[in-house]
Amino acid sequence: MKRVSATLTDPPELPLPSAIAIFGPTDALAATVKGLKRGKRVALFPSSVSRAAAMPKAKQKQRRKKYNYNVDRKKLNRAFRKRSAPKIKCAQIRHAWDSTKSVSKNLAEMGLAVDPNKAIPIPKDTKMELGQEAGTTTVRKPYVINELEYEASFPELKSETLSRDLIDYVKHMIQNHGENYKAMARDEKNYYQDTPKQIKRKISVYKRFYPEEYQVFISSLRPEKMEQ
């Protein structure tokens, strides 16, 4: 900033807080600060303001970056590409996937379609048959479809289970009260504060999930009732 040489005929005057904020209580301005404390006003010229604004800022220490020669960059890049690549959950498609080709080409070689609307288009004319296709692609990996069809032919396994606490709760209610759901609701072990309908629903769920275990449990209760 250039120093202003022109003087003002009527210099501006600032009160104590403004003057201290600009200059600060330095030794060179000790007399000015004393005068300000007494309630006097001091004239501030542009030359003094430019001198305060031209003060340089303290430079921050910047740590020099060093190249690490002990790191294998090829290995890091390979691992990064592997992590960033999409994860294919289907094992058959994952084993037959070629990373050098696009998604549409990979699926076309397996006999699969990216867009079902293009694979089986809706005919504009009602007389057009659904089997007609505009373009055909050669299937180079038909074993993928065969493996998928073979896996889909197996029946679905039921993974629904009940907790052990709920099974013991249902067995206790059946063993002590039979089919009296109102008495089950008044039982002291009804920790869940279930209504008769809720208890009946839990028993029906237990029958549906474990039919064989339920039949064995009911058959084991019959001899006890005969003895009583």
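Modeller: A residue is called buried when its relative accessible area is under 20% and exposed when that area is over 50%, with partly exposed in between. The model is a predicted one.

The part I take is helix α9, which covers residues 164–177. Some context comes first. The chain has 12 helices and 2 strands. Read from the N terminus, the order of elements is β-α-α-β-α-α-α-α-α-α-α-α-α-α. Of its 228 residues, 17% count as buried.

Helix α9 holds 14 residues. The distance from its first C-alpha to its last is 20 Å, close to the 20 Å expected at 1.5 Å a residue. Several of its residues are buried, namely Leu 166, Ile 167, Tyr 169, Val 170, Lys 171, Met 173 and Ile 174. Note that Lys 171, a residue that counts as positive, is in that buried list.

Side chains of opposite charge can pair when their charged atoms come close. Arg 164 and Asp 168 form a salt bridge, with 3.7 Å between the closest N and O atoms. Both partners belong to α9 and sit 4 residues apart, which is about one turn of the helix. Arg 164 has a relative accessible area of 48%, so it is partly exposed. Asp 168 has 40%, so it is partly exposed as well.

What follows the helix? After α9 comes Gly 178, with a positive phi near 65°. Gly 178 lies in the loop between α9 and α10 (181–185). Its relative accessible area is 23%, and therefore Gly 178 is partly exposed. Between Gly 178 and Leu 221 there are 9.7 Å from C-alpha to C-alpha, although the two are 43 residues apart in sequence.

A search of the whole structure gives 7 of them. One joins the side chains of Arg 140 and Glu 109, at 3.8 Å from N to O. Arg 140 is in the loop between α7 (116–119) and α8 (143–152) while Glu 109 is in helix α6 (residues 103–110), so this pair ties together parts that are 31 residues apart in sequence. Arg 140 counts as exposed because its relative accessibility is 60%. Glu 109, at 9%, counts as buried because it is under the 20% limit.

Another salt bridge joins the side chains of Lys 202 and Asp 194, at 2.7 Å from N to O. Asp 194 has a relative accessible area of 8%, so it is buried. Lys 202 has 22%, so it is partly exposed. Some salt bridges share partners, and in this way Lys 101, Glu 109, Arg 140 and Lys 141 are joined into one network.

On the surface, Lys 74, Lys 75, Arg 78 and Arg 81 gather in a patch of positive charge. Residues in such a patch have over 30% relative accessible area and no salt bridge. One of them, Arg 81, is found in helix α4 (residues 73–84). Arg 81 counts as exposed because its relative accessibility is 52%.

To return to α9: this helix has a set of buried residues, among them Leu 166 and Ile 174, and a salt bridge between Arg 164 and Asp 168.

Notes. Residues are numbered from 1 along each chain as its sequence is written. This is a predicted model: local features need pLDDT of at least 70, side-chain atom pairs count only at pLDDT 80 or more; totals for chains, interfaces and linings use all residues. Side-chain values use heavy atoms; hydrogens and water are left out. The expected span of a helix is 1.5 Å times one less than its number of residues. Buried means under 20% relative accessible area, exposed over 50%, partly exposed in between (1.4 Å probe, protein chains only). Patches are made of residues with over 30% relative accessible area and no salt bridge: like charges are joined within 9 Å, nonpolar side chains (Val, Leu, Ile, Met, Phe, Trp, Tyr) within 5 Å. Accessible areas come from the Shrake-Rupley method with a 1.4 Å probe; for residues, only the protein chains shown count as cover. A salt bridge is a side-chain nitrogen of Lys or Arg within 4 Å of a carboxyl oxygen of Asp or Glu. The place of a charge is taken as NZ of Lys, CZ of Arg, CG of Asp or CD of Glu.
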